[in-house]
Amino acid sequence: MSEPTRKAFPQSPVHNPESYYLSEGTYHSTRALLLRTETLVLQTLSFDVKVTVPHHLALTYLQTLGVLPSTPTSKSRSLAARTIGHLNLGLFSSQLLYLTHQPTTLAIAAIYLASRELGVKLPGTAWWEVFDVDREDLGFVVVAYRSCESWINGEREKWKDRFCPLTVSEVDKELSLRT
């Protein structure tokens, strides 16, 4: 190695493995500092870092509609669970529902679909308009939620005969078979 190269790329010092240790307190304080700094950078660049998710809205709307009382029944619990299930399912939508529709519309569509599936009576009038959701948007999102089920069934069919390791021991076993 030539002299200029040695000066440009000095030999790295011998590393002490103990220098890699990081205490739990140091980890958490450094992590919190990193997250605060990241938020500050995103806000400086005008990113919207406060996002409203439809899950909380859906539960609030169920209470407003009077179908989720303060002491829930088994029917109201299953309605809330089915509503949250549809909202979670919407995350897998190929139509990118969470990017193309407002959280209010997603929440109302999940409530509408869950109540139809479970036979829960909601107000007879166009109750979704109270929450500022158009019938057209409601219909589109409901159809999108229903299409997610067919996509999931297709994926389930595609993966039914294949093994996917989900635990550490299964991953270790799979790696030992491949090496």
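Five aromatic pairs occur in this structure, a pair being two rings of Phe, Tyr or Trp (its six-membered ring) whose centres lie within 6.5 Å, with planes under 30 degrees apart counted as stacked, over 60 as edge-to-face and the rest as tilted. The model is predicted, so local features need pLDDT of at least 70 and side-chain atom pairs count only at pLDDT 80 or more, while totals for chains, interfaces and linings use all residues. Residues are numbered from 1 along each chain as its sequence is written, and side-chain values use heavy atoms, with hydrogens and water left out.

**Aromatic pairs and cluster**
- The rings of Y112 and W128 are edge-to-face, because their centres are 6.1 Å apart and their planes stand at 90 degrees.
- Y112 belongs to helix α6 (residues 103-118) and W128 to the loop between α6 and α7 (135-159), so this pair ties together parts that are 16 residues apart in sequence; helices here are DSSP runs of H or I with at least four residues, numbered from the N terminus.
- W128 also forms an edge-to-face pair with W127, at 5.8 Å centre to centre and 75 degrees between the planes.
- One aromatic cluster is formed by Y61, Y112, W127, W128 and F131.

**Accessibility**
- W127 is buried at 5% relative accessibility and W128 is buried at 8%, where buried means under 20% relative accessible area, exposed over 50% and partly exposed in between (1.4 Å probe, protein chains only).
- Y112 is partly exposed, with a relative accessible area of 22%.

**Helix α2**
- The 21 residues of helix α2 (residues 24-44) should span 30 Å at 1.5 Å a residue, which agrees with the 30 Å between its end C-alpha atoms; the expected span is 1.5 Å times one less than the number of residues.
- Just after α2, S46 adopts a positive phi of about 70 degrees.

Terms used. Helix = DSSP H or I, 4+ residues; strand = E, 2+ residues; numbered from the N terminus.
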